[in-house]
Amino acid sequence: KATIYVEDHDEDFSTTGATGKLTILNGAEKTEVPLEAAGNNLLVAKGEVKLSKGAKVVAAITFADKSLVNVRFAIK
């Protein structure tokens, strides 16, 4: 599973009502997995997530107030 911890300036940020998705690029393979709130400041991927070395990942999160955040990272 993939888990995202959401913080704002080192303070937990509520994920209540938040939704999103992870887009994972492993070479030419593209996988999208939904995210859902799972605690005070947690989002978890619902479904199988394969994160290989060198994979590129984008987390697109929509919070309850309809604000949108995109985070991009690479697996090392």
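Tutor: Let's start with a term: a strand is a DSSP run of E at least two residues long, a helix is a run of H or I with at least four residues, and both are numbered from the N terminus. With that in hand, the elements of this predicted model run β-β-β-β-β-β-β-β from the N terminus on.

Student: How many helices and strands does the chain have?

Tutor: There are 0 helices and 8 strands.

Student: Why is the chain called as compact as a globular protein of its length?

Tutor: Set the value against the rule: the globule rule gives 11 Å for 76 residues, and the radius of gyration of the chain is 12 Å, which is close to it, so the chain is as compact as a globular protein of that length. Along its principal axes, the C-alpha trace spans about 35 × 25 × 20 Å. As for burial, 30% of the 76 residues count as buried.

Student: What makes β4 and β5 a pair of strands?

Tutor: Pairing needs at least two bridges between the strands. Strand β4 (residues 19-26) and strand β5 (residues 29-37) have 8 bridges, in the antiparallel sense, so by that cut-off they pair. Within this pairing, K21 stands opposite P34 in β5. The hairpin of β4 and β5 has 2 residues between the strands, and G27 there takes a positive phi near 65°.

Student: How do you know that β5 and β6 pair?

Tutor: The same test applies. Strand β6 (residues 42-45) is joined to β5 by 3 bridges and the two run antiparallel; the cut-off is at least two, so they pair. A37 stands opposite L43 in β6. This hairpin has 4 residues between its strands, and G39 in the turn has a positive phi of about 140°.

Student: Which residues have the most contacts inside the largest nonpolar core?

Tutor: They are I4, L22, I24 and A45, in a core of 16 residues. At least two residues of this core come from each of β4, β5, β6 and β7 (56-62). The largest share, 3 residues, is supplied by β7. Take I4 as a view into this region: beyond its neighbours within four places in sequence, I4 is in contact with L22, L35, N41, L42, L43 and A59.

Student: Why is T23 called buried?

Tutor: Buried means under 20% relative accessible area. T23 has 15% relative accessibility, so T23 counts as buried. T23 is found in strand β4, and, leaving out residues up to four places away in sequence, it touches K30, T31, E32, K56, V57 and V58. The C-alpha atoms of T23 and K56 are separated by 8.3 Å, although these residues are 33 residues apart along the chain. For the chain as a whole, 49% of the contacts with a separation of 6 or more are between residues 24 or more positions apart.

Student: How many aromatic pairs does a search of the whole structure find?

Tutor: The search finds 1 aromatic pair.

Student: And why is the pair of F13 and F63 called edge-to-face?

Tutor: Two cut-offs matter: ring centres must lie within 6.5 Å to pair, and planes over 60 degrees apart count as edge-to-face. The centres of these rings are 5.2 Å apart and the planes are at 80°, so the pair is edge-to-face. The pair links distant parts of the chain, with F13 in the loop between β3 (11-12) and β4, and F63 in the loop between β7 and β8 (68-74), 50 residues apart.

Student: What makes D10 and K66 exposed?

Tutor: The cut-off is over 50% relative accessible area. D10 has 70%, so D10 is exposed; K66 has 69%, so K66 is exposed. D10 is found in the loop between β2 (7-8) and β3, while K66 lies in the loop between β7 and β8. Each is a residue other than glycine with a positive phi: near 65° for D10 and near 75° for K66.

Conventions. Residues numbered from 1 in each chain as written. Predicted model: local features only at pLDDT ≥ 70, side-chain atom pairs only at ≥ 80, totals over all residues. Heavy atoms only, no water. Core = buried A, V, L, I, M, F, W, Y, C linked by side-chain atoms within 4.5 Å. Buried < 20%, exposed > 50% of the residue type's maximum accessible area, 1.4 Å probe, protein only. Contact = heavy atoms within 4.5 Å. Phe/Tyr/Trp six-rings, centres within 6.5 Å; stacked < 30°, edge-to-face > 60°. Rg over C-alpha atoms; globule rule 2.2 N^0.38 Å.
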